[in-house]
Amino acid sequence: FIRSANGAYRFIFPPEPPPDTNATTAKPEQQASAFLFTMGVTSHFADNSATGDFTRDLSSALAAQYNQQLNPKGFTAQQTREAAAVQWQFFAEPRLTYKQFIYGFMAGYAALPKTSGLVSSSFYQGQLTQNLTGVFLPMAATLYYRLITGPDWGLNLGAGAGMLFTSVQLSQNNGTATEYQVFTSYTPLLLFKPEFTYKLGPVTALISIPCYWAESRD
């Protein structure tokens, strides 16, 4: 400002800068995404009691049939290997992660625990063994909601749907030859999967409790 002799003040403002012709209108920020490939192993609990019931009932039916057809008789049936409820499942899941959601596609592999039945008689040297084995191949598309997102750790809630392929093999061995029958099925699968994540540098560790609903039928 300038002060005149009579005590008046005159203010002088600097000129305004010319408009920037290169400036552009700010665009809304896009949500960043990242690709992750996850894999691991889970302890898998399932109700496999039907397979044990099958081998036991089949052995009992064959023993009754041989006692009717053959002489001497004395055929008995016994369950030599019960159906286990716990098995191991391996899985892999590529993921596309966003700020609030994660999209994944899971594929897994689990073996059906072996069950066995035996038919024998003290009057005969040979015996007949029934073995039931198989595999499960679950596949599901999963959407995760990132409930808690910290700098290194987070909590996700996942839900998905897909398909379960089951292949079951029944083998019968009489000591000299083996016969095989294979049964397959495709059934719907639903998945709920809460998980805890912890970032260790470039690697992310996952601890989850996946809950499946699926029922294999021939």
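Modeller: Two strands pair if DSSP finds at least two bridges between them. Keep that in mind here; the model is predicted.

Biologist: How many residues lie between β8 and β9 in their hairpin?

Modeller: There are 4 residues between β8 and β9. In the turn, Gly175 has a positive phi of about 100°. The two strands run antiparallel, joined by 21 bridges. Val168 stands opposite Phe183 in β9.

Biologist: Which way do β7 and β8 run?

Modeller: They are antiparallel, with 20 bridges joining them. A hairpin through 3 residues connects β7 to β8. Across the pair, Phe136 faces Thr166 in β8.

Biologist: Now the helix. Which residues of α1 are buried?

Modeller: First, the general idea. An α-helix has 3.6 residues a turn, so residues three or four places apart point the same way. In α1 the buried set is Thr51, Gly52, Thr55, Leu58, Ser59, Leu62 and Ala63. These cover an arc of only 135° around the axis, which puts them on the same side of α1. Ala50 and Gln68, on the other side, are exposed.

Biologist: What do the buried residues of α1 pack against?

Modeller: They pack against β4, β6, β7 and β8.

Biologist: Which residues have the most contacts inside the largest nonpolar core?

Modeller: In soluble globular proteins, nonpolar side chains tend to be buried together. Here the largest nonpolar core has 18 residues. Those with the most contacts inside it are Leu62, Met106, Val119, Phe136, Ala140, Leu189 and Leu191. At least two residues of this core come from each of α1, β6, β7, β8 and β9. Leu189 touches several residues, including Pro138, Ala140, Leu164 and Trp213.

Technical notes: Residues are numbered from 1 along each chain as its sequence is written. This is a predicted model: local features need pLDDT of at least 70, side-chain atom pairs count only at pLDDT 80 or more; totals for chains, interfaces and linings use all residues. Side-chain values use heavy atoms; hydrogens and water are left out. Buried means under 20% relative accessible area, exposed over 50%, partly exposed in between (1.4 Å probe, protein chains only). The arc is that of the directions from the helix axis to the C-beta atoms. Contact means heavy atoms within 4.5 Å. A nonpolar core is a set of buried Ala, Val, Leu, Ile, Met, Phe, Trp, Tyr and Cys residues joined through side-chain atoms within 4.5 Å.
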